[in-house]
Amino acid sequence: IVEMATLLTELSLTDHFFVGRKPSVVAVATLLNAIDTVEVDQFSTQDRTTFLREIVHHDGLRQDVKTVDAVRDVQAALRRMCGGLPAQGCPKDEPPTEASAAEPQPDRPK
């Protein structure tokens, strides 16, 4: 989880989409995406929930609609950026919807 979150955080530094995003939002989004790469038999749903509660509690991240939407936007942008990486752990992006097609697309690292 730490290695994938680090990779995703470093990827976020390569794209202007992330400029102006709260660092705590990017951090939580990278952790959520990194957790998605781990099989449930290795990191149970209950453990994931406990882990995420602790992160939110210690980080002081607000759990309002605006913050949740910001985290989801960053998660989606990171997933799109992973398209150019080897399939060794980047979370899979969900099939595009009309709403996601209208989202700003981050530049892929070169």
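Predicted model: local features only at pLDDT ≥ 70, side-chain atom pairs only at ≥ 80, totals over all residues.
Residues are numbered from 1 along each chain as its sequence is written, and side-chain values use heavy atoms, with hydrogens and water left out.

I looked up the aromatic pairs, taking rings of Phe, Tyr and Trp (its six-membered ring) as paired if their centres lie within 6.5 Å, with planes under 30 degrees apart called stacked, over 60 edge-to-face and the rest tilted; the count comes to 2. Phenylalanine 17 and phenylalanine 18 make an edge-to-face pair, with 5.1 Å from centre to centre and 85 degrees between the planes.

For burial I used relative accessible area (buried under 20%, exposed over 50%, partly exposed in between, with a 1.4 Å probe and protein chains only). Phenylalanine 17 is buried at 10%, and phenylalanine 18 is buried at 7%.

I then noted that phenylalanine 43 and phenylalanine 51 pair edge-to-face, at 5.9 Å centre to centre and 75 degrees between the planes. Phenylalanine 43 counts as buried because its relative accessible area is 15%, whereas phenylalanine 51, at 30%, is partly exposed.

Returning to phenylalanine 17, I found arginine 21 over its face, 4.1 Å from the ring centre (the rule asks for NZ of Lys or CZ of Arg within 6 Å of the centre and within 35 degrees of the ring normal).

Last, I checked glutamine 75, which is buried with a relative accessible area of 9%. Beyond its neighbours within four places in sequence, glutamine 75 contacts (heavy atoms within 4.5 Å) Ala29, Leu32, Asn33 and Asp36.
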